[in-house]
Each structure stands twice: as structure tokens, then as C-alpha cells.
Amino acid sequence: MNDLIGLKRAWGAHPGDGSGTVDCCLLLAEVRRRLGYYDYTAEFEEYFKHYTDETFPRRLMLKWLLKNATRLEDPEPHAAVLLPGSRGGAMGTVLDESNVLFITEKSGVVIAPIPAGTGYYFRLHK
């Protein structure tokens with residue numbers, strides 16, 4: 001996952017496209033793929049066809065998670081997390097018992113301790 005650290009946030013950007021940028025949904029899909037889970041990239045790309053960063057209703061991330069995952073009370077390894085953000089939220093991945101990988105507006109992709117009492121956690125179905 002180290003090659004993902006520092007990538008900047010950009011609407012619809014893939015982690016491996018050489019742009020140095022990534023979208024939070026595609027970051028989640030990439031991390032899950034690397035961990036051996038189902039790759040949700042194709043499903044997320046539908047959003048990029050219909051919306052821009054400015055027109056995308058952030059509530060669709062929660063709606064997607066509620067459809068494709070089971071809500072968890074506490075974080076668990078490899079769970080998806082929906083974190084609050086200046087643009088209305090961002091998805092990340094719980095890597096282990098204490099760290100989450102996600103995008104920040106200023107620093108880009110980071111691995112940081114799971115913020116206590118912050119975010120919503122989901123076990124994806126696939």
C-alpha cells in the first residue's frame with residue numbers, strides 16, 4: 001500500500017493511471033482488490049459518467065454502502081469506513097486493528113490511527 005501514500009485527491013482518478021491522484025471510491029476499490037476482495041471499480045465508474053466532483057451528491061456514498069455492506073458498530077480489519085470531510089465525506093479502508101487508509105484534502109492518501117468516535121464502518125458483501 002506504500003505506493004498509494006501521498007496520492008492527491010482528484011475526481012474519478014485511478015491509483016495506477018500515472019497522474020499522482022486518486023478518487024476516494026477508487027482508492028477503496030484498489031485496496032480491496034489488493035487484499036484479494038471483489039473489485040468495485042466498474043460500479044464506481046458509473047458515478048463518474050453521470051456526475052462531476054461539483055454535482056456528485058455525497059449522500060450517494062452512504063446509500064451505496066448501505067446497499068452493498070453491513071453496518072458495523074466498531075471497526076474491523078478490511079472494513080470500509082465513511083469519514084467526514086470538507087467535501088461531505090470520504091471512503092477509506094480499515095487496514096488493521098488500529099489504522100485506516102484514506103484521503104485528506106491537504107496531505108492526500110495517508111495511513112493514520114482510526115479516529116475514535118469518528119466515521120461509520122461497513123463490512124462489504126463481496
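Two residues are said to be in contact when heavy atoms of theirs lie within 4.5 Å. The model described here is predicted. Among contacts in the protein between residues at least 6 apart in sequence, 52% join residues at least 24 apart.

**Fold and dimensions**

- The protein contains three helices and eight strands.
- In sequence order, these elements follow the pattern β-β-α-α-α-β-β-β-β-β-β.
- The protein is as compact as a globular protein of its length, because its radius of gyration of 13 Å is close to the 14 Å that the globule rule gives for 126 residues.
- The C-alpha trace spans about 30 × 30 × 30 Å along its principal axes.

**Surface and charge**

- Of the 126 residues, 43% count as buried.
- The accessible surface of the protein amounts to about 6700 Å², and carbon and sulfur atoms account for 52% of that area.
- There are 15 positive and 16 negative side chains, and the centres of these two sets are 5 Å apart.

**Proline 84**

- Proline 84 lies in the loop between β4 (80–83) and β5 (90–94).
- Is proline 84 buried or exposed? Proline 84 has a relative accessible area of 62%, and the cut-off for exposed is over 50%, so this residue is exposed.
- Apart from neighbours within four places in sequence, proline 84 is in contact with Gly89, Thr118 and Gly119.
- Proline 84 and glycine 119 are 35 residues apart along the chain, and their C-alpha atoms are separated by 6.5 Å.

Notes: Residues numbered from 1 in each chain as written. Predicted model: local features only at pLDDT ≥ 70, side-chain atom pairs only at ≥ 80, totals over all residues. Heavy atoms only, no water. Helix = DSSP H or I, 4+ residues; strand = E, 2+ residues; numbered from the N terminus. Rg over C-alpha atoms; globule rule 2.2 N^0.38 Å. Buried < 20%, exposed > 50% of the residue type's maximum accessible area, 1.4 Å probe, protein only. Areas by Shrake-Rupley, 256 points an atom, 1.4 Å probe, with all protein chains shown as cover. Lys, Arg positive; Asp, Glu negative; His and termini not counted. Charge placed at Lys NZ, Arg CZ, Asp CG, Glu CD.
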